[in-house]
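The sequence and the model come next, and the text then takes up selected features in turn.

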Amino acid sequence: MAGPINWFSQIASITKFGLLSIPQRRGAVVATVIGIAGVVTVLVGVLSIAAGFRQAMTVSASPDGAIVLRSGADSEMVSGFGRDETRVIADSPGVARTAQGPLASAELFVIINIPKRSTGTDANVPLRGVEPAALLVRDNLKIIRGRMFDWGKDEVIVGRGAAQEFAGLEVGSKIKVGRYEWPVAGIFSADGGVAESEIWTDAKVLQDAYNRGDSFQSVSVRLNSPGAFQQFKDSLTSNPQLNVKVVRQSEYYAEQSETITRLITTLGFLIAFLMAIGAVFGALNTMYSAVAARTREIATLRALGFGSSAVVVSLMLESLLLALVGGILGGGLAWLAFNNFHTSTMNWQSFSQIAFAFKVTPELLVRGIVWSALIGLIGGLFPAIRAARLPIAAALREL
Amino acid sequence: MKFFHLIWCNLKRKKLRTSLTLLSIVVAFVLFGFLSAIQQALVGGVEMAGADRLIVRHKVSIIQLLPVSYEARMDRIAGVDFATHQTWFGGIYQDPKNFFMQNPVEPEKFLQMHPEIILPPEQEKAWLATRTGAIVGRRTANRFHWKIGDQVPIQSTIWTRPDGSHTWEFDIVGIYDGKDKGTDTTPMFFRYDYFDEARQAWGKGQVGWYTIRIKDPSQAAEVAKRVDAEFENSPAETKTEPEGAFIQGWAKAIGNIVLIVAAILGAVFFTILLVTGNTMAQAVRERTGELGVLKAIGFTNGRIVGLVLAESCLLTVLGGTLGLGLAWLVISRGDPTSGLLPMFFFPTRDLLIGLGLSVVLGLVTGIFPALQAMRLRVADALRRM
């Protein structure tokens with residue numbers, strides 16, 4: 001009897017009817033909406049930590065960059081090379097060159113204790129000794145305050161993130177490295193990448209201060225093109241003088257961030273999943289009481305010839321709508337509270353601190369809203385089915 | 001107690017609503033338990049720290065090594081009972097994901113320093129007799145199905161053997177347990193003499209950090225100062241702090257976990273508060289008439305408030321107990337991140353806090369409906385019958 005248009009208009013009128021009755025049930029409705037908003041806030045918030053960390057790690061990588069470590073080393077911290085080896089690596093085929101020579105920087109990587117601003121306790125801040133090519137090997141490195149350090153002088157430049165997280169790293173202040181005091185010449189940025197957590201100085205200066213002789217820990221190179229990687233890698237691994245591991249910058253940083261992102265995502269999902277179950281119960285409660293309050297109305301509509309499928313769909317729509325409001329609210333709250341929240345944590349591979357900002361990405365917001373929609377659908381389904389199955393005569397008798 | 005039946009029947013009246021509310025309370029307390037365990041795993045080490053132990057490390061950073069000769073000098077400092085050292089080995093068993101700590105130690109002094117490590121005497125004897133011997137904690141032994149007598153290869157990311165290889169073979173001679181459940185039984189310990197002889201020239205005679213047992217815990221700060229003064233102006237200056245502060249430093253390095261956990265719990269309980277409060281408010285509203293009857297037959301205001309509060313508390317305590325029990329079951333199954341959280345367990349203290357919290361939750365959610373019930377005027381209420 002009823003065409004699809006009639007069916008839709010039935011749904012529309014029942015839904016409108018339901019929505020108009022919300023003010024009468026505002027306690028329950030508010031509880032549900034806020035419950036779902038809570039789930040989405042926690043989900044998006046926790047995952048934004050992982051997203052921010054991953055982003056800091058991945059923007060650090062340029063597609064034609066590669067890092068050479070001693071074979072068996074899983075981070076720069078435990079790698080090591082002599083001068084002869086770093087020279088062979090720099091002169092390998094595939095490495096880009098300028099008039100000044102190959103774009104390769106042999107580097108040292110150590111950590112020093114500097115107090116965290118937020119807690120006042122010592123944190124392990126990475127201190128990197130670099131060669132002049134370092135600024136060309138990495139993308140987007142800019143001095144934003146002060147100036148570059150002078151090569152050969154006891155001076156450092158500090159990454160923007162490190163300057164923000166740790167105390168006493170302003171231009172003009174001095175950092176204490178053992179018995180030495182090195183002035184901070186400038187602050188640099190690196191597009192939010194991991195280098196921003198570091199302090200840089202001349203590799204030679206660092207070698208002297210740490211009694212490292214003429215040794216290095218890693219070599220960062222820029223290749224002619226991303227495609228030159230295989231050629232570069234093959235020439236190094238087939239060289240009997242060397243015992244090295246060659247990785248793309250992107251792979252290296254992905255490996256470095258894996259532990260912590262795994263930890264955060266596992267725990268984040270678990271927590272959000274449990275909360276979602278709780279929210280489903282809340283939503284079920286609200287919709288069941290919505291159905292109970294409207295038993296007579298629904299029975300009347302059914303008696304008037306409204307289809308049971310229209311009742312089911314419209315009740316689920318109502319629940320979905322409430323859940324979406326909660327989802328959007330939660331996502332917005334997470335965005336306000338967590339986006340670009342600056343913090344630092346430990347890189348478990350090298351024990352050094354990495355400053356980064358939480359990132360509430362659009363994908364996370366979409367994920368949060370999808371979760372809220374699912375909660376709404378599940379929370380609406382069973383009450384809707386109950387409403388559709390109401391024995392009309394019995395329900396009308398309650399009038 | 002004689003009203004228990006009435007309260008119980010009231011809860012049973014809307015079975016569906018009660019059970020849904022109950023389930024969301026259960027979920028909230030499962031989360032509570034779970035987050036307690038996470039927090040315990042990340043920052044709980046601080047409580048396990050010995051009050052009479054100091055940690056001495058290189059002043060510049062923990063990765064700088066200290067000369068092994070410092071041990072004898074430390075032993076002579078006033079207030080020091082004895083010192084022993086450990087070194088970070090940074091080994092990998094089969095796959096980098098299988099993370100656990102392995103450190104070379106001086107077996108006798110190590111066991112004396114750490115009474116929380118329980119090793120059967122015959123296994124201790126075997127360790128002292130086997131140069132390549134290693135002892136491993138119960139948790140790691142179970143994880144990799146290691147038995148006494150097994151030979152395990154560990155790839156070191158740091159230390160190279162004279163032949164240039166990174167693979168070190170160890171003989172498992174003992175499996176130790178922790179004195180209580182907070183003791184980390186994931187690390188493996190092996191002999192420093194074997195390690196120092198076998199490592200390549202780099203680092204020989206150098207160790208990672210020292211642990212000092214002090215004679216009087218109340219003198220910790222003074223002794224720490226004396227130790228640092230002893231090595232001042234040497235090529236390897238030291239930084240000495242109580243073990244608790246040292247562990248706390250690591251926890252803080254990971255980030256402000258306590259704050260994050262508290263924020264999540266806050267969000268969860270706020271949500272549950274709303275859901276439960278809403279249920280109770282509905283229940284009271286529906287029963288306005290009955291409450292009027294109770295009042296009419298002489299129930300005092302106090303008794304009415306008591307009835308409503310007892311109902312909400314019964315609901316939350318029931319949910320809380322179920323939730324905490326469930327959390328305990330899940331948590332006993334162990335670390336969900338395979339190795340990153342070695343001390344993952346449900347602390348008894350938090351279990352009690354959870355129970356207390358369930359009572360508080362019941363009182364907070366019940367109080368407004370209870371007051372509402374108390375203020376009912378008998379005549380108005382009866383008119384709504």
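How many residues does the contact take from chain B and from chain A? The contact takes 42 residues from chain B and 46 residues from chain A, where two residues are in contact if their C-beta atoms, placed from the backbone, lie within 7 Å. This is a predicted model, in which local features need pLDDT of at least 70, side-chain atom pairs count only at pLDDT 80 or more, and totals for chains, interfaces and linings use all residues. Residues are numbered from 1 along each chain as its sequence is written, while chains are lettered from A and ligands numbered from 1 in the order in which they are written.

**The side of chain B that touches chain A**

In chain B, α2 (15–43), α10 (243–254) and α11 (257–286) each supply at least two residues of the side that touches chain A. Helices (H or I, at least four residues) and strands (E, at least two) are DSSP runs, numbered from the N terminus. The largest share of this side of chain B, 12 residues, comes from α11(B). By class, the side of chain B that touches chain A has 25 nonpolar, 14 polar and three charged residues. Ala, Val, Leu, Ile, Met, Phe, Trp, Tyr, Cys and Pro count as nonpolar, Asp, Glu, Lys and Arg as charged, and the others, Gly among them, as polar.

**Two helix pairs**

Two packed helices are described by the angle between their axes and the distance between the axes. Axes are lines fitted to C-alpha atoms, for helices over the stretch in contact, and angles run from 0 to 180 degrees between N-to-C directions.

| Helix pair | Angle | Axis distance |
|---|---|---|
| α2(B) and α13(B) (residues 301–332) | about 45 degrees | 7 Å |
| α8(A) and α11(A) (residues 362–389) | about 35 degrees | 8 Å |

α2(B) and α13(B) are therefore oblique to each other; angles under 35 degrees count as roughly parallel, over 145 as roughly antiparallel, 65 to 115 as roughly perpendicular and the rest as oblique. α2(B) passes α13(B) in a right-handed crossing, meaning that the near helix is turned clockwise from the far one by less than a right angle. The residues of this contact divide into 17 nonpolar, seven polar and no charged.

α8(A) also passes α11(A) in a right-handed crossing. The contact of α8(A) with α11(A) divides into 15 nonpolar, three polar and one charged residue.

**A buried strand in chain A**

Six of the six residues of strand β16 (residues 352–357) of chain A are buried, so β16(A) is largely enclosed by the rest of the structure. A residue is buried if 20 or more other C-beta atoms lie within 10 Å of its own, exposed if 12 or fewer, and partly exposed in between. On one side of β16(A) are S352(A), I354(A) and F356(A), and on the other Q353(A), A355(A) and A357(A). Six bridges join β16(A) to strand β15 (residues 342–347) of chain A, and the two run antiparallel. H342(A) stands opposite A357(A).

**Two residues with positive phi**

Most residues other than glycine have a negative phi. Phi of D191(A) is near 60 degrees, a positive value. D191(A) is found in the loop between β10 (180–189) and β11 (199–202) of chain A, and is partly exposed, with 16 other C-beta atoms within 10 Å. Phi of Q94(B) is near 65 degrees, also a positive value. Q94(B) is found in the loop between β4 (91–92) and β5 (102–105) of chain B, and is exposed, with 11 other C-beta atoms within 10 Å.

Terms used. Two strands pair if DSSP finds at least two bridges between them.
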